[in-house]
Amino acid sequence: MDNGLDRKFRWGVATAAYQIEGAAGEDGKGPSIWDAMTHVPGKTRRGDTGDVACDHYHRYKDDIKLMAELGVNAYRFSVSWSRILPDGRGRVNEKGIEFYSDLIDEMLSYGIEPFLTLYHWDLPEKLFEQGGWLNPDSPGWFYEYAKLVGERFGERVKNYITINEPTNVLEGMGPGATNAPGMEYSLKDRLLAVHNLLKAHGMAVRALRETVPGSKIGFAPCSGPFCPADDDPELIEESRKGYCDMREGDLIGNLVLYSDPVFLGDYPAKYYEYYRDVHPEITKEDLELISTPVDYCFHNIYSANVLMKDGKGGYRIKSGNPVCNMLEWGIVPGALYWGPKFLYERYGKPVIITENGLPNPDVVCLDGKVHDAERSDFIERYTREILRAKADGVDVRGYFYWSFMDNLEWEVGYCPRFGLVYVNFDTLERIPKDSYYYYRDLIKRNS
Ligand code: BGC
C-alpha cells in the first residue's frame, strides 16, 4: 500500500513553540494558557516560565543552521496559535505570520522539510476564558485557525500534525492538574474536552484539505506500547491485546481511546461501558468528522510496558528493571519495534515517530563540551529497533528525535534536558552535545 505518500525516510528533530520561542509578549503575540499558568506561583518548578525559553524567536536562523549541519531532512515545529491570532480568532497578527513564514523559508533554504504542528498545548488564553475545549464552538475555532495556517503557509508546508497528545487536556484538567490550565474539572467535563478536541482535529483535517492540496495530515498521540519480554508467540499476542485494550480508569495511557475514533471511526466499546453515565453525547456526524481520513499514523513513543509471564499461567508487567531515565520513565528500546508494528497492524497507515528522546541533567565539562554518552546510546538502541521494524515489513517512514535543543520541560522547568544541543539558559549560548555528532553520523550511515 503506497497511499501516494513519499517513501523517503525522515530523519528529523522536533520542538514546540512554547518550549523554545520565548518572546512571550512581543510583536503582538497574545497570551496562551501556558503563559498564564507559568506565572501563577508554585505551578512550575522553581517558577520557570517560557518568557525567554531558548529565545528561538530571535535566534531561529542560527538554530536552523545548526539543524542543517546535523543533516536532518525534516523538522517538526509548532505554531503558537496566539502568536498569529492573539485572541484565538478574528484579528490576525501579521508579525506572527511573518515569523513563521521566515522560519519556514529558512528551513526550506537548507532542504529541510517542515512538519507543522497546529496545537502543541498552548490554547489562546482568550479562548480559555470562553470555556476553552468545553465550549461547543471550539472545533469551529480550530477550523478557522487551521484554515489561516493553510492559506498562509500551505504553498510551502505539506505535512501537518493537527494536535499533539490529546491526553494533555486531561493532564491540565484532571486531579492534580500539572499542565495548563492547571485546574481540576469533573470527569464529565474532561471527557467532553477530549471529544471536542478530537472534533477539532477533524475540522482541521478538513480545513487543510480545502486549503493545501496534496497535504499529508495526521495527529500525534503518545502511548507506551506493550512489549513482550521475549519472542514467545503467546507473549507477543498478549502484548498486542494489552496495548490495544481500553483499561478502566486509565484515561492517559490509553492508545485506543484517542486513536480508534480517528482511524476506525468510533470509540472502543469499553468507553461506552465504563463511562456510560458521564460521556458526552456522541453523534454519527461527530464520529464522521473525527474520522475524516488522514494520511499518517504519527506517534510519540518514549517508554513501554514490558510484559512477561507470571509463572502462574498469567501475565504481568515487569517492574524494577527496565532502567529508568531522570523522569522515571523506563528505557525500553523495543518500544520502537513493537509500537510501530502494532500501530501499523491496527490502523494500516504509515507510521512516523514524531517524538522520542532522553532527558538528562547534562553538564558542560571542563573541556567545554557536553559528554552525554547515555543519549547517544539511547538513540542508537531505539533507532536500531525502528529500522528492525522497517526491515520486517512495517511501513515506518520516519523518526524525529525530541528535542533538537534543551528547552522548557513544561511544569518541571529547565532541568530535564532532552536536547541534542545544550542551551545555557543564562547566556543562551548553544553547544552541540556529543549526541548531536552521534546522531549526525547515524543519519549519514542510514541515509
Ligand atoms: C511532549 C513534549 C515534551 C516531551 C517530553 C511529549 O509529551 O509532546 O512537549 O517535552 O514529551 O516530556
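Q: By class, how many nonpolar, polar and charged residues does the lining of the largest pocket have?
A: The lining of the largest pocket has 10 nonpolar, 11 polar and eight charged residues. Ala, Val, Leu, Ile, Met, Phe, Trp, Tyr, Cys and Pro count as nonpolar, Asp, Glu, Lys and Arg as charged, and the others, Gly among them, as polar. This is a predicted model, in which local features need pLDDT of at least 70 and side-chain atom pairs pLDDT 80 or more, while totals for chains, interfaces and linings use all residues. Residues are numbered from 1 along each chain as its sequence is written, and side-chain values use heavy atoms, without hydrogens and water.

Q: Which residues lie nearest the centre of the largest pocket?
A: A pocket is an open set of points on a 1 Å grid over the protein atoms alone, where a 1.4 Å probe fits, with protein on both sides within 12 Å along at least five of seven lines; lining residues have an atom within 4 Å of a point. Here 29 residues line the largest pocket, and Glu165, Glu171, Cys222, Tyr302 and Trp329 lie nearest its centre. The largest pocket has a volume of about 820 Å³.

Q: Where does the ligand sit?
A: The ligand sits in the largest pocket, that is, more than half of its atoms lie within 2 Å of the grid points.

Q: Which residues surround the ligand?
A: The shell (a heavy atom within 4 Å) consists of Gln19, His120, Trp121, Asn164, Glu165, Tyr302, Trp329, Glu355, Trp402, Glu409, Trp410 and Phe418. By class, this shell has six nonpolar, three polar and three charged residues.

Q: Which residues are closest to the centre of the second largest pocket?
A: The second largest pocket has a volume of about 210 Å³. Of its 15 lining residues, Pro228, Ala229, Val306, Lys318 and Val332 are closest to the centre. The lining divides into 10 nonpolar, two polar and three charged residues.

How values were computed. Points joined across faces, edges and corners; volume = space filled by probe spheres on them.
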